[in-house]
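Dear colleague,

Here is the structure that I promised to pass on to you. My notes on it follow below, and I would be glad if you read them with the model open beside you.

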Amino acid sequence: NAAPAANSLQMTSRLDRAKALIRDLRMAAAKIGDVRALCAANSAALQELQALGVDAATACLDEIADRNSPISLRIILIELASSINQRGDPRLGQLLQSLISDTTETKAVRMQALQWIPQTADQSAGIALVQMLPNERDADLEFGITRALRGFKVPGSVEVLRGELAEEKGHLIRIAASHAIAA
């Protein structure tokens with residue numbers, strides 16, 4: 001009984017540390033809007049979050065979901081949580097999918113979520129992307145959705161992607177569609 005209690009205490013301590021680091025990052029992000037500059041100025045905190053692993057990913061999900069959090073921080077935390085998660089926590093896929101589907105969400109956050117959604121291996125996300133693609137009018141988001149689809153094996157996706165190739169689309173969208181079909 002002592003071992004499970006010690007593990008629980010250690011997990012709580014790690015989660016508290018992750019939350020404290022994210023609070024500090026949030027204050028920094030309020031002053032630094034540029035993602036690269038924020039990363040450079042806070043590399044030690046980001047490395048510590050990475051080292052905290054799954055506990056940090058849990059704290060990151062809460063911050064990513066908070067629309068009052070600075071966009072630059074949310075973008076960084078999407079990547080961090082995705083790299084830590086390694087197909088473990090289904091909440092990450094659900095959160096990324098909700099960000100992508102939310103048309104009121106900032107484009108930068110949606111694009112970052114699109115980049116990392118294939119890492120979740122959540123096939124329901126692939127299905128949602130296939131349904132979204134024909135209706136997307138923003139060329140950047142259309143490219144992001146098309147590129148993300150290469151990470152999914154979803155019924156009907158090849159036909160939708162072929163439609164992307166057949167239409168008068170930008171060359172990046174056509175290249176992304178070709179790669180997605182090949183995958």
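**Notes on the model**

Ala121 is partly exposed, with a relative accessible area of 30% (partly exposed lies between buried, under 20% relative accessible area, and exposed, over 50%, with a 1.4 Å probe and protein chains only). This is a predicted model, in which local features need pLDDT of at least 70 and side-chain atom pairs count only at pLDDT 80 or more, while totals for chains, interfaces and linings use all residues. Residues are numbered from 1 along each chain as its sequence is written, and side-chain values use heavy atoms, with hydrogens and water left out.

Ala121 sits in the loop between α7 and α8 (helices are DSSP runs of H or I, at least four residues, numbered from the N terminus), and although Ala121 is not a glycine, its phi is positive, at about 60°. Most residues other than glycine have a negative phi.

In α9, which covers residues 139-148, the buried residues are Leu141, Glu142, Gly144, Ile145, Thr146 and Ala148, and they pack against α7, α8, α10 and α11 (contact means heavy atoms within 4.5 Å). The N-terminal end of α9 is capped by Asp138, a side-chain oxygen of which lies 2.9 Å from the backbone nitrogen of Asp140.

In α11, Ile173, Ala176, Ala177 and Ala180 are buried. They cover an arc of only 100° around the axis, so they are on the same side of α11 (the arc is that of the directions from the helix axis to the C-beta atoms). Their cover includes α9 and α10, whereas His171 and Ala182, on the other side of α11, are exposed.

Definitions and conventions:
Helices (H or I, at least four residues) and strands (E, at least two) are DSSP runs, numbered from the N terminus. A polar contact is a pair of N or O atoms within 3.5 Å; within protein, one must be able to donate a hydrogen and the other to accept it, and residues adjacent in sequence count only if both atoms are side-chain atoms.
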